[in-house]
Amino acid sequence: MTSPLPALPIALPLLGAGLLAALRKWLSRAAADSLSIAVAASTLISSLLLLSHALQHTQVYWFGNWHPRGSVVLGITFVADPVAAGLSSLAGLLVFLALIFSWRFVDSGANHYHALMLVFLAAMDGFVLTGDLFNMFVFFELMSTAAFALCGLKTQEPAPLQGSFNFAVTNTVAAFLVLTGIALLYAVTGALNMAQIGLALGGRHDPLVLFAFTLLTCGFFIKAAIAPFHFWLPDAHAVAPTSVCVLFSGLMVELGLYAVVRLKSVIFQQTFASGETHLRYILLAFGGATILIGGVMCYAEHHLKRLLAFSTVCHTGLMLVIFAIQGPLAIAVMLVYLVAHAFVKSSLFFVSGIMLHRLRSISENVLFGRGRPLRWTAALWFLGGIGLAAGPCFSTMLADAGMSSASEEAGIHGLSWGLSWLFMFAGVMTCAAVFRVGMHTFAGWGDAPITDRSAQVGELPETEAEEQKVFWYHFVPPLVCILLAIALTFIPGWQYGVREAAARVYDQPAYLNMVYTGHSIPLTAPRSWRNEIPGAAIRGTIAVLLALCLACTSVFRGKLARGLRIGAFLEGPLTILRAVQSGHPGDYVLWLTVGLAVFGSATLIILR
Amino acid sequence: MTDRLRLAIFLVAGPVFMGLYCYAAMNLPPWGQYRGPYGDMIAKLAVYERHATDTVNAINYDYRGFDTLGEEFILFTAVIGVMMLLRREKDVPTSPAGKVADRPPLSESVRAVISPALLITTIFGFYIGLHGQLTPGGGFQAGVILASAAILVYLAANTEAFKRTTSHVAVEVVEAIGAASYALIGIVPLLIGLPLLTNILPLGVTGDVLSAGNIALISACVGVEVTAAFLLVAYTYLEEIVTGEIPEE
Amino acid sequence: MIWCGAGILLLLAISGFAVVRTQDVTEQVIALGFYGLLTALMFFFFQAPDVALSQITVGAVALPLMIMLALSRMKFHKATRQKEGEHD
Amino acid sequence: MPHILHSLPYFVAAWLFFCGLYGLVTSRHLVHSVICLAILQSSTYVLLLAIGYRVGGAAPIFADIAPGVLTVDPVVQALMLTDVVVEAVVVALLLAMVVKAYEKSGCVSPSELRTMRG
């Protein structure tokens with residue numbers, strides 16, 4: 001008797017999607033909404049049940065009942081460890097909240113929207129749970145296909161088609177990079193199961209393995225929007241409906257990094273056993289560049305969704321930097337940050353959706369002073385900003401605390417300061433941008449906002465013009481997200497649980513043993529970062545204050561001496577960075593190729 | 001960025017990438033010396049364990065059937081995406097565009113050839129679909145062939161008939177049911193405590209059309225889905241031309 | 001025998017480049033159809049009849065057909081718009 | 001197998017990947033970009049096929065050969081079947097975007113379609 005739990009998070013939404021698509025013409029909007037919410041809720045419940053089982057014992061599930069013969073794996077397996085099951089629960093929760101938010105609200109594209117959302121959910125679940133490399137590619141592609149379609153939901157204007165075309169081209173190239181990497185690994189190991197590949201590769205690190213690593217990593221970096229692969233992300237976010245942006249920024253992008261973590265731990269663990277330091281510097285360089293570009297561009301944007309999108313770029317860069325430290329503790333910190341960021345960013349996107357609905361625009365310039373009556377919206381918006389800066393009480397702060405412990409554990413205490421600065425930079429820039437928009441929109445302070453070209457892309461409102469009312473249930477999703485982001489700091493089991501889960505991800509022998517025999521090896525959880533928390537809280541407070549100052553130098557630039565108008569300067573032309581973000585698919589593919597060449601050469605030269 | 005600058009940068013980065021690819025590939029096992037073990041193991045087992053002589057389909061629909069489930073839903077999603085992107089917007093009124101390019105000009109002789117061609121294509125499609133577990137072919141290939149039959153109808157300039165076969169809501173419903181029934185077949189074993197997509201049908205005699213358990217059944221679902229999917233895509237592209245109506249500006 | 005296979009591969013490499021270099025889209029679709037057939041031939045030659053069958057149906061028929069349909073829809077759209085313009 | 005052929009198909013795969021990227025970078029027509037993506041995709045066919053090939057191996061279909069005969073790898077062929085579907089699907093979806101963009105804005109060149117930049 002096999003427990004059916006691991007299969008349900010995929011089977012339920014897929015069946016639901018089929019049903020919704022079949023009944024599309026006959027279902028009323030409300031019926032389609034309720035049906036899809038019910039399916040998402042049951043998926044969420046099955047994911048949570050799976051998580052509760054996985055916390056005790058990793059669940060290994062063989063599809064078609066094809067168990068391995070000796071060391072050869074015949075079928076496809078799901079390995080539901082706490083991290084995978086937890087991310088699947090997060091996916092379920094975000095889709096559930098997004099569907100509640102879009103209840104009779106966002107244009108459903110003739111009722112196609114619901115089926116697409118459910119397929120997207122199934123794809124994310126499959127992507128995190130799978131223990132098979134090619135199966136991962138299949139779900140990667142399924143996730144992308146659903147995302148491309150959802151991105152082009154609003155077909156009334158040409159901008160969505162530009163955004164989704166660029167998104168589709170770059171991410172399809174990513175899929176083929178990943179597939180090429182899988183094929184190369186298959187050629188040398190004769191296996192598609194990740195555990196078997198890891199076993200067969202051993203400590204091999206010839207150019208072939210390193211190149212396969214490059215292809216897989218860069219392919220997933222494209223999804224994770226690491227510079228210079230990030231260009232598609234702002235374009236896609238600017239045009240996608242709010243509820244879809246929540247899923248893109250909240251989880252889909254981060255899943256790219258999750259895949260890199262998983263592959264590095266299961267397949268390439270021994271490959272880099274001797275070259276860990278070199279790999280660290282390569283990843284730190286890419287992550288650091290991403291933080292800088294994302295942070296600066298985030299502050300320079302005046303289109304709300306693009307601004308939040310660049311903040312996502314900045315924060316995924318930060319997650320990469322944390323992962324670059326290496327070691328189980330670093331993975332734990334990254335996961336803490338991933339979850340906290342998902343809640344904070346989702347909340348901000350939900351709030352921007354409410355603003356778009358009430359105020360009929362998403363450009364800072366147009367919104368100036370028009371948000372004064374929206375007190376609740378303003379409160380949620382500013383809270384989200386504080387969350388981005390890892391302000392005290394927010395669980396993003398825990399990551400700051402953990403980062404110094406992790407770098408200490410990895411023996412790179414010297415880098416610790418630099419990393420803290422990067423963390424603070426990311427927080428200050430993104431938080432300041434959010435504060436600036438908030439001050440302009442909800443308070444109407446200072447001078448009229450500066451604007452730029454892309455902010456003038458008039459995004460048509462997603463909703464009908466007649467009813468500009470918002471209902472209480474529109475505030476539920478952002479409120480739930482913000483509350484969860486805060487509550488996680490105070491749930492004592494949370495930090496311990498994540499550390500233990502990360503240890504299980506990191507430990508390659510335990511993973512292999514699990515897949516082949518189904519028995520787990522007891523592991524010791526990495527050490528706690530409790531001592532670092534007060535310091536992190538102080539740094540968080542400073543970051544919030546700095547962000548406030550920076551935002552003020554923009555908002556009140558008229559009253560300041562020229563030398564003090566730092567914010568206004570950062571908002572200014574920034575000619576080169578803006579020129580690079582050109583909206584031309586050819587350029588994006590070009591930078592992608594450059595990134596591949598650089599990452600590939602660096603890996604090959606340094607790690608040989 | 002100018003076209004020339006873009007090309008210049010690419011001509012530096014692109015060859016570097018290709019060079020890395022080639023350099024890495026020189027470490028691969030030489031061409032023509034596949035070493036196993038995965039493929040060899042399945043080639044040995046499939047005939048005995050699954051009574052399927054076409055091992056490729058045994059992998060596709062059974063050993064790695066879960067991949068194919070995902071693949072079917074990729075197709076399903078893309079079709080929804082195409083229909084959604086090219087949907088008619090609600091408030092935009094349409095105007096009859098008149099006979100602009102209604103029917104492609106075809107000579108009588110071509111039309112005379114097309115009817116038998118249609119018959120042969122359809123029979124071939126069913127043959128390919130039903131023998132998937134034995135010989136090359138299977139649901140996917142059959143689906144594409146059957147859908148091409150409908151395109152032949154259009155080529156025969158019988159737009160009315162094409163409209164009847166495709167514009168109907170039924171095709172859309174069939175497509176969704178085809179995709180969902182694959183998931184349903186997978187779920188049935190869950191009820192008796194087996195993992196998703198486990199075969200619970202009798203395996204039959206190797207080489208028989210009705211052998212190899214659920215492979216034929218899944219293959220049939222895939223065939224239905226693929227046929228409907230390609231028909232829907234073709235119709236969505238042709239909708240304006242067939243109905244002769246385009247949305248006003 | 002193996003030289004024959006190598007020849008097909010080289011032909012594929014050349015025609016792939018040719019397809020990419022073709023600027024006119026209609027010509028490119030025809031080139032793509034030819035390329036699809038060549039790929040199918042390669043599949044047959046290297047003992048992959050299943051894939052060859054799907055490649056013939058998809059790569060050489062369905063794919064070019066789909067692009068043709070899309071192009072004809074675009075052309076139709078343009079023609080109708082122009083006609084409407086003349087009426088006004 | 002002559003020595004100079006050892007890596008030939010892999011080089012062809014690398015070349016096709018390069019061609020696809022080149023086409024995408026230089027493309028002046030959105031439909032052209034989509035076709036280049038299809039060429040890029042075919043690079044993975046060549047690679048997978050070459051990896052699973054075995055000199056003298058039969059096709060892995062035991063309808064007319066005895067069990068136990070040495071065959072080429074059936075697994076890569078199954079992967080390629082998935083790949084073919086993915087190709088068709090991606091092209092269909094991208095074309096739909098191109099068609100819609102053309103109907104909305106009247107242009108097919110990637111440099112004209114840009115409404116968002118910076």
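Analyst: A salt bridge here means that a side-chain nitrogen of Lys or Arg lies within 4 Å of a carboxyl oxygen of Asp or Glu. With that rule in hand, and keeping in mind that this is a predicted model, we can turn to the interface of chain C and chain D, across which one salt bridge is found. Its partners are R73(C) and E103(D), whose closest N and O atoms are 2.7 Å apart, and you can check this pair against the cut-off of 4 Å. Polar contacts are counted by another rule, and between chain C and chain D there are nine residue pairs in polar contact, with both residues at pLDDT 80 or more.

Which parts of chain C make up the side that touches chain D? Three helices, α1 (2–21), α2 (25–45) and α3 (49–87), each supply at least two residues to that side, and α3(C) gives the most, with 16 residues. Sorted by class, this side of chain C has 27 nonpolar residues, nine polar ones and five charged ones.

Now step back to the interface as a whole. The size of an interface is often given as the accessible area lost when the parts come together. For chain C and chain D that area is about 3,800 Å², and 79% of it is on carbon and sulfur atoms. In terms of contacts, 41 residues of chain C meet 44 residues of chain D. Within the area that chain C buries against chain D, V20(C), Q47(C) and M74(C) supply 16%, more than any other three residues.

Q47(C) sits in the loop between α2 and α3 of chain C, and its phi is positive, about 65 degrees, although it is not a glycine. Most residues other than glycine have a negative phi, and most peptide bonds are trans.

The contacts join 62 residues of chain B to 81 residues of chain A. Four salt bridges are counted between these chains, and D587(A) and R6(B) form a salt bridge with an N to O distance of 2.4 Å. There are also 11 residue pairs in polar contact, again with both residues at pLDDT 80 or more. Five helices of chain B, namely α1 (3–25), α2 (38–50), α3 (55–63), α4 (65–85) and α8 (169–191), each give two or more residues to the side that touches chain A, and the largest share, 15 residues, comes from α4(B). By class, that side of chain B divides into 42 nonpolar, nine polar and 11 charged residues.

Finally, consider chain A itself, which has 24 helices and two strands. A compact globule of 608 residues would have a radius of gyration near 25 Å, and the 23 Å of chain A agrees with this. The C-alpha trace of chain A spans about 70 × 65 × 50 Å along its principal axes, and 71% of its 608 residues count as buried.

The peptide bond from A227(A) to P228(A) is cis, with omega near 0 degrees, and P228(A) lies in the loop between α8 (207–224) and α9 (232–239). All eight residues of α9(A) are buried, so this helix is largely enclosed by the rest of the structure; among them are W232(A), D235(A) and H237(A). In another loop of chain A, between α15 (375–388) and α16 (396–409), A390(A) has a positive phi near 60 degrees, in a residue other than glycine.

Key
Residues numbered from 1 in each chain as written. Chains lettered and ligands numbered in written order. Heavy atoms only, no water. Contact = heavy atoms within 4.5 Å. Buried area = accessible area lost by both parts, 1.4 Å probe. Polar contact = N/O pair within 3.5 Å; in protein donor to acceptor, adjacent residues only side chain to side chain. Helix = DSSP H or I, 4+ residues; strand = E, 2+ residues; numbered from the N terminus. Nonpolar A, V, L, I, M, F, W, Y, C, P; charged D, E, K, R; others polar. Rg over C-alpha atoms; globule rule 2.2 N^0.38 Å. Buried < 20%, exposed > 50% of the residue type's maximum accessible area, 1.4 Å probe, protein only.
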